[in-house]
Amino acid sequence: MSVTKGIVASWRRPRDVVRGVLARGETEAFAFSLLVTFLVLAFVAQWPQAARQAHLTETPLPPLLLGRALALLATIPLWYGLAALGHGVARVFGGQGTWRGARLALFWALVAVSPLMLLHGLVLGMVGAGVQATAMGLVVAAGFLFQWINALIVAEGRGRAVE
């Protein structure tokens with residue numbers, strides 16, 4: 001299944017999609033490619049807000065984008081740490097998955113929520129900070145938690161299909 005089809009399907013059947021992602025193989029290269037995909041989309045989501053800031057403050061746009069790109073790259077170790085934390089918490093509750101499976105679960109959840117992040121970026125760029133942007137941020141956070149919890153349940157062996 002392509003990534004775009006997987007993103008759409010993960011909002012209807014998140015556990016089935018994660019099973020497919022895990023079945024592709026738990027290679028670190030694949031997991032890292034999911035993280036990079038998310039980071040690229042998160043960077044693109046920042047463009048409207050950066051353009052707004054550049055226009056309002058008469059600051060050149062390229063330095064603003066460069067700063068945001070470097071900040072996103074700096075988050076890579078944090079995502080790995082969050083995946084490890086999620087795996088540790090799942091272990092406490094009886095999870096039997098692998099560290100790599102937990103990383104795949106987190107990174108897939110990030111990719112799955114990226115369309116909402118793009119919409120949030122548009123809201124920030126068009127409307128600016130305010131109630132609308134805060135509401136959209138809450139929708140993104142709720143969507144991420146929904147995706148990550150479902151993915152982690154499957155990755156830790158608790159979401160097996162009933163046969």
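A: First, the helix bookkeeping: helices are DSSP runs of H or I with at least four residues, strands are runs of E with at least two, and both are numbered from the N terminus. The model is predicted, so local features need pLDDT of at least 70 and side-chain atom pairs need 80 or more, while totals for chains, interfaces and linings use all residues. Residues are numbered from 1 along each chain as its sequence is written, and side-chain values use heavy atoms, leaving out hydrogens and water.

Ala-83 sits in helix α5. At 2% relative accessibility, Ala-83 counts as buried (under 20% is buried, over 50% exposed, and in between partly exposed, with a 1.4 Å probe and protein chains only). Setting aside neighbours within four places in sequence, Ala-83 contacts Ala-102, Arg-103 and Leu-106, where contact means heavy atoms within 4.5 Å. The C-alpha atoms of Ala-83 and Leu-106 are 6.0 Å apart, although 23 residues separate the two in sequence.

For the cut-offs, rings of Phe, Tyr and Trp (its six-membered ring) pair if their centres lie within 6.5 Å; planes under 30 degrees apart are stacked, over 60 edge-to-face, and the rest tilted. Tyr-80, at 25% relative accessibility, counts as partly exposed, whereas Phe-107 is buried at 0%. In total, the structure holds 5 aromatic pairs.

For another of those pairs, look at α7. Phe-144 and Trp-148 have ring centres 5.6 Å apart and planes at 20 degrees, so they count as stacked. Both are in helix α7 (residues 131-155), and being 4 residues apart puts about one helical turn between them. Phe-144 counts as buried at 15% relative accessibility, and Trp-148 is buried too, at 12%. Gln-147 also lies in α7 and, at 1% relative accessibility, is buried. Not counting residues up to four places away in sequence, Gln-147 touches Ser-10, Trp-11, Pro-14, Ala-109 and Ala-112.

For contrast, Glu-58 is in the loop between α3 (28-57) and α4 (61-74). With a relative accessible area of 73%, Glu-58 is exposed. Its phi is positive, about 55 degrees, although Glu-58 is not a glycine. Most residues other than glycine have a negative phi.

Now zoom back out. The chain has 7 helices and 0 strands. Of its 163 residues, 41% count as buried. Among contacts with a separation of 6 or more, 74% join residues 24 or more positions apart. Along its principal axes, the C-alpha trace spans about 60 × 30 × 25 Å.
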